[in-house]
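Hi everyone, thanks for coming. I'd like to walk you through one protein today, starting with the whole chain and then zooming in on a single residue. Here it is.

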Amino acid sequence: MTSTVRAAVASEIRKTEIREFPMPHVEPDSGLLRVETTGVCGSDWPFYLTMPKVKGPLILGHETVGIVEKLGNGKKWGVKEGDRVALEEYIPCGQCHWCYTGDFRLCEQTDLKFGALRYGLMPVTKEPHLWGGFGQYQHLHANTVFHKIPSHVPAAHAAMALPLGNGVEWAYLQGGTKVGDTVVIQGPGQQGLACVIAAKEAGASCIIVTGLGNQTDTFRLRVARELGAHHTINVDEQDPIKAVSEITNGEMANVVIDAASGGPWTVSLAVYLAAKKGRVILCGQKQARVPEFDSDILSARFLTVKGMRGHSYQAVALAVEIISSGRHRLDLMATHHFALDNLDEALRTVGGEGQPNPIHCTVNPWL
């Protein structure tokens, strides 16, 4: 181990600097992770555009995979030094109702509205500085949530544990996809494609993915078909309601998952794509009012509509099992890999301003 750690700091909006920090001292209730690779989440781009102004300079990155370098002896960790692990971004308090009932993602300590103690969102002024995955080492808080990763899993695939965990949470655990279901997934980004994999694992007999007609979505819709989607719809050329009706002989979808980025119009569209007794899963914030729609359709079709907030521990554990199995072409999703010095390009690529056709990007801090 060296005495200093290189990390990429989002010092200002759209500005990244490589800085060196002292190797943190491991306290009895803390630990240290040697970062192997970190995925670039779709949320890292809007964080890059806002959080340096809100929180000050910070190390982004929360889809981290690495080796447990050192653990303090003041608590029982559940992992040991030398274990290969993926981290969840949440750092829960461990003492509230939500933590005790297993829904620690709802713990107020992890909530953005209350300051959010999360990996990848803490300013470097908060010691021991290394709170994000875009660095060579990362601090391990006493309440870190770990998932062990088998040695045979490629690092770029292991870094998909959280986005694939979202897919499992949305399509299976909350969406209730079961054998024979028809599932519509709006948006072919990394989260939408994760939902394709989860729906396929759950036994869906018809998986439909919608996207735009631009170059990026055209590429991603092709990947969706290779991952198991039975139909894809270009909404710039086809009426998605009419197309889904034709595919399903008018029955529509048992599960509709809105994983689309951009405007809120997909929320009301999701409701109209659902079959009687269907489940509508709304993922992510639209930052705008949803257009008016006939709310009577909710009762007329006996619909269940759920808003999502991230993933549960169970979802990520299932995602790790799926990744480890090798059953799916995750190499199709692992599109871009960057060195630490090129983090700005990695973030811009995820944001649509860098290299073409990104799905899931990773950053190796040792390159």
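Okay, so this is a predicted model, and its protein chain has 11 helices and 15 strands.

Of the 367 residues, 56% are buried. The chain exposes about 15600 Å², with carbon and sulfur atoms supplying 50% of that.

What about contacts along the chain? Take the ones with a separation of 6 or more: 70% of them involve residues 24 or more positions apart.

Charges next. You've got 34 positive and 37 negative side chains here, and the centres of those two sets are 3 Å apart.

Where does Val235 lie? You'll find Val235 in the loop between β10 (231-234) and α7 (240-247). Is Val235 buried or exposed? Its relative accessible area is 18%, and buried means under 20%, so Val235 is buried.

And who does Val235 touch? If we skip its neighbours within four places in sequence, Val235 is in contact with Thr210, Gly211, Leu212, Pro240 and Trp265. Lys53 is another story: Val235 and Lys53 are 182 residues apart along the chain, and their C-alpha atoms are separated by 36 Å.

How values were computed. Residues numbered from 1 in each chain as written. Predicted model: local features only at pLDDT ≥ 70, side-chain atom pairs only at ≥ 80, totals over all residues. Heavy atoms only, no water. Helix = DSSP H or I, 4+ residues; strand = E, 2+ residues; numbered from the N terminus. Buried < 20%, exposed > 50% of the residue type's maximum accessible area, 1.4 Å probe, protein only. Contact = heavy atoms within 4.5 Å. Areas by Shrake-Rupley, 256 points an atom, 1.4 Å probe, with all protein chains shown as cover. Lys, Arg positive; Asp, Glu negative; His and termini not counted. Charge placed at Lys NZ, Arg CZ, Asp CG, Glu CD.
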